[in-house]
Number of protein chains: 2
Amino acid sequence: MSNAKLYLFPVPLSPDTTQKVLPGFNTEILREIKYFIVENIRSARRFLKQCDKSIDIDTITFFTLNEQTKPAEMPEMIVPLEQGHSMGVISEAGCPAIADPGADVVAIAQKKGIEVVPLVGPSSILMSLMGSGFNGQSFAFNGYLPIDKAARAAKMKELERRIIHERQTQIFIETPYRNNKLIAELAASLKPNMLLCVASDITGEKQSIITRKLSWWSKAKYNYDKIPTIFLLFSE
Amino acid sequence: MSNAKLYLFPVPLSPDTTQKVLPGFNTEILREIKYFIVENIRSARRFLKQCDKSIDIDTITFFTLNEQTKPAEMPEMIVPLEQGHSMGVISEAGCPAIADPGADVVAIAQKKGIEVVPLVGPSSILMSLMGSGFNGQSFAFNGYLPIDKAARAAKMKELERRIIHERQTQIFIETPYRNNKLIAELAASLKPNMLLCVASDITGEKQSIITRKLSWWSKAKYNYDKIPTIFLLFSE
């Protein structure tokens with residue numbers, strides 16, 4: 001077994017925040033790696049340059065891993081690891097393998113007994129939960145709610161049930177241009193004394209984390225259109 | 001409304017890893033704050049000194065927030081915020097308000113309309129999930145499993161159900177001296193092809209993140225006794 005490791009590099013959520021959200025240690029590791037699995041090569045190059053201008057991009061090999069990648073293509077991406085070279089996974093924003101295709105390549109590495117090393121960085125899900133004031137001893141991230149009307153209503157009722165009976169904070173996301181609509185929908189569908197936290201532009205200049213009852217949100221003025229936003233529900 | 005903010009400061013999980021797991025930005029903010037809500041004053045002092053030796057601890061006011069703190073004592077802790085002074089929350093290890101009493105004081109700040117600012121740092125829960133290779137689009141952290149035998153068995157079955165029917169990764173923790181027993185218990189109680197990830201000593205010198213089937217764990221040699229460990233379950 002070689003000593004090669006698969007490092008998971010978090011990426012900033014907002015422009016020009018590399019120093020604000022990443023430990024210097026990540027860059028020390030980054031400098032030593034010549035093989036990266038990335039969601040998007042252009043933004044990965046930009047990220048590497050932001051971490052350290054002196055990195056010579058031309059000596060680096062990139063493998064693209066995104067929603068179009070077929071499972072059959074993944075094992076060949078980790079061949080450098082099997083040959084003894086450490087590799088890095090870089091996603092588009094936030095933490096690789098969290099709400100991100102990186103998890104598949106990590107699963108393959110685990111199967112092959114390769115050491116996986118996650119590094120510290122910004123997670124909008126986790127930071128939203130910290131800032132919400134909701135239960136951090138029990139919580140669930142649900143990704144996107146279903147689009148089909150009946151399935152969506154059923155999911156909302158199930159989230160409400162888990163909040164009330166299990167005291168489990170429920171976290172989810174929405175396609176950003178539908179953020180405002182989702183808030184109105186939650187206010188119309190769930191109990192008015194349910195608490196909704198809307199956490200938007202996490203780590204960005206317009207970061208805002210606001211926890212209020214749905215009865216407040218139903219009358220509030222807000223505009224989260226096209227802003228990356230996390231939604232969290234809980235009750236008192 | 002004053003401009004005072006409640007900052008949430010993550011703390012290293014392992015000794016001597018401050019530079020490895022915290023962005024330099026956190027220390028810049030830390031230096032400006034004179035009022036802290038902390039789980040343990042001694043370790044908070046040590047943490048401040050690790051971030052910046054030049055911080056004058058004697059000019060800082062600490063409020064203790066732990067499991068013994070009564071809800072009635074919390075509002076007075078944030079009086080400095082209401083008087084216009086930014087404050088910080090520091091937990092014992094990891095991210096405040098995640099599996100930690102800090103969430104209550106955040107909830108009070110939210111109710112009073114005070115801006116809450118979570119900072120980036122190590123979360124053993126999130127880093128374990130990244131390294132597990134499990135579904136990061138849907139996951140739940142369940143805290144500790146129930147101790148009562150019947151309730152514990154029922155909870156395990158419910159976790160198994162959510163993994164299979166909802167494809168939701170299930171994450172939980174155990175009192176560290178019972179870690180080994182829990183692994184044996186999971187292997188004996190759940191389907192042998194279920195995947196268990198055992199993530200121990202995250203960010204520490206003996207960090208290990210191993211994902212294998214329960215049939216493998218049932219025969220494996222391991223010793224996680226008294227080592228902080230996160231357990232994750234999923235199925236292929």
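A residue is called buried when its relative accessible area is under 20%, and exposed when that value is over 50%. In this predicted model, helix α9 of chain B, which spans residues 179–189, has as its buried residues Asn179(B), Leu182(B), Ile183(B), Leu186(B) and Ala187(B). Because these residues cover an arc of only 135° around the axis, they lie on the same side of α9(B). On the other side of α9(B), by contrast, Lys181(B) and Ala188(B) are exposed. The partners against which the buried residues of α9(B) pack belong to chain B and comprise the helices α8 (149–166) and α10 (214–217), together with the strands β7 (169–173), β8 (195–200) and β10 (229–234).

In chain A, the packing of helix α8 (residues 149–166) with helix α9 (residues 179–189) can be described by an angle of about 65° and by axes that are 11 Å apart. The crossing of α8(A) and α9(A) is right-handed. To this contact α8(A) contributes Arg152(A), Met156(A) and Lys157(A), while α9(A) contributes Leu182(A), Glu185(A), Leu186(A) and Ser189(A). Of the residues that form the contact between α8(A) and α9(A), 3 are nonpolar, 1 is polar and 3 are charged.

The largest nonpolar core of the model has 160 residues, and those with the most contacts inside it are Phe36 and Leu48 of chain A and Phe36 and Leu48 of chain B. When residues up to four places away in sequence are not counted, Phe36(A) touches Leu48(A) as well as Phe9(A), Leu30(A), Ile60(A), Thr61(A), Phe62(A), Phe63(A), Gly88(A) and Ile90(A).

Notes:
Residues are numbered from 1 along each chain as its sequence is written. Chains are lettered from A and ligands numbered from 1 in the order in which they are written. This is a predicted model: local features need pLDDT of at least 70, side-chain atom pairs count only at pLDDT 80 or more; totals for chains, interfaces and linings use all residues. Side-chain values use heavy atoms; hydrogens and water are left out. A nonpolar core is a set of buried Ala, Val, Leu, Ile, Met, Phe, Trp, Tyr and Cys residues joined through side-chain atoms within 4.5 Å. Buried means under 20% relative accessible area, exposed over 50%, partly exposed in between (1.4 Å probe, protein chains only). Contact means heavy atoms within 4.5 Å. Axes are lines fitted to C-alpha atoms, for helices over the stretch in contact, and angles run from 0 to 180 degrees between N-to-C directions. Helices (H or I, at least four residues) and strands (E, at least two) are DSSP runs, numbered from the N terminus. A crossing is left-handed if the near helix is turned anticlockwise from the far one by less than a right angle, and right-handed if clockwise. Ala, Val, Leu, Ile, Met, Phe, Trp, Tyr, Cys and Pro count as nonpolar, Asp, Glu, Lys and Arg as charged, and the others, Gly among them, as polar. The arc is that of the directions from the helix axis to the C-beta atoms.
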